[in-house]
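Please examine the structure shown below. The briefing that follows is arranged by topic.

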Amino acid sequence: MRILAVVWDIDDTIFDHSGAERRAALEYLTARGLLGRYASPEEAAAHWHAVSEEYVDRYLAGEFTFVAQRRERARVLARRPLTDAEADVWMAGYLAAYRRHWRVFPDVVPALDALAPRRRHGLLSNNSAPHQEEKLRAIGVHDRFEALVCSEELGVAKPAAGAFHAACASLGLPPERVAYVGDRPDTDAAGADAAGLTGIWLDRGASPPAAGDPPAGVRRITSPGQLAALLDTLDT
Ligand SMILES: [Mg+2]
């Protein structure tokens, strides 16, 4: 068997981050009396998402620590100056709402069942390990994975090869024995391919590549349920 393990992305791959973010943002903006500043709930949710993406990208680029990017996001989304303590309180209110909306995508556990016991499973996320551990336990899938590697502790983020190699090392396997599955065709699938793994883009229909087409050669599935059959074809 060529592929011995699958390493999974977490956010928007096994965990419905975008759905939780959207529901929590609308709930929180409504509670804070801020929703009326937007033309529509769709515009509010899109703005929240864009600001979140921007600040997470700037954190990943090393401009902010994880905590500092949260504070800056709070100031932008609250549309007023906030001290660090005020920003922490403001963001904590949103995060409480976000947590209430956490859920695993319903197609993930059946896919893990279909892959067991032939493939081992690990996780690699551009996030912080304590945050992701809490999330995985809350949505009931923590014990389905042998290892979790996160960029915050590692000091290297996807798509850098070092991040993928650390995830392989956490399972004690060389990259050519590992497939990586994620919702981003570039950061996840193409990045994994470049690092010597088998990159697979899980296209949930929400993450179009910037150029309009997936990177050349990227393998694409539209549900984790298609993974077992794809890995079988790669084994032969
Ligand atoms: Mg993701």
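**Surroundings of Thr 198**

Leaving aside neighbours within four places in sequence, Thr 198 is in contact (heavy atoms within 4.5 Å) with Arg 2, Ile 3, Val 178, Ala 179, Tyr 180, Asp 193, Arg 219 and Leu 234. This is a predicted model, in which local features need pLDDT of at least 70, side-chain atom pairs count only at pLDDT 80 or more, and totals for chains, interfaces and linings use all residues. Residues are numbered from 1 along each chain as its sequence is written, and side-chain values use heavy atoms, with hydrogens and water left out.

- Thr 198 lies in strand 5 (residues 198-202); strands (E, at least two residues) and helices (H or I, at least four) are DSSP runs numbered from the N terminus.
- Thr 198 counts as buried because its relative accessibility is 4%; buried means under 20% relative accessible area and exposed over 50%, with partly exposed in between (1.4 Å probe, protein chains only).

- Six strands form an open sheet with parallel pairing, in the order 3-2-1-4-5-6; two strands pair if DSSP finds at least two bridges between them.
- Strand 3 and strand 6 (219-221) stand at the edges with a single partner strand each, so one side of each has no neighbour in the sheet.
- Strand 5 and strand 6 run parallel and are joined by three bridges; Trp 201 has Arg 220 in strand 6 as its bridge partner.

**Helix 6**

- Buried residues of helix 6 (residues 129-138) are Ala 129, His 131, Gln 132, Lys 135 and Leu 136.
- The face turned away from the buried side of helix 6 carries the exposed residues Pro 130, Arg 137 and Ala 138.
- Gly 140, which follows helix 6, has a positive phi, near 85°.
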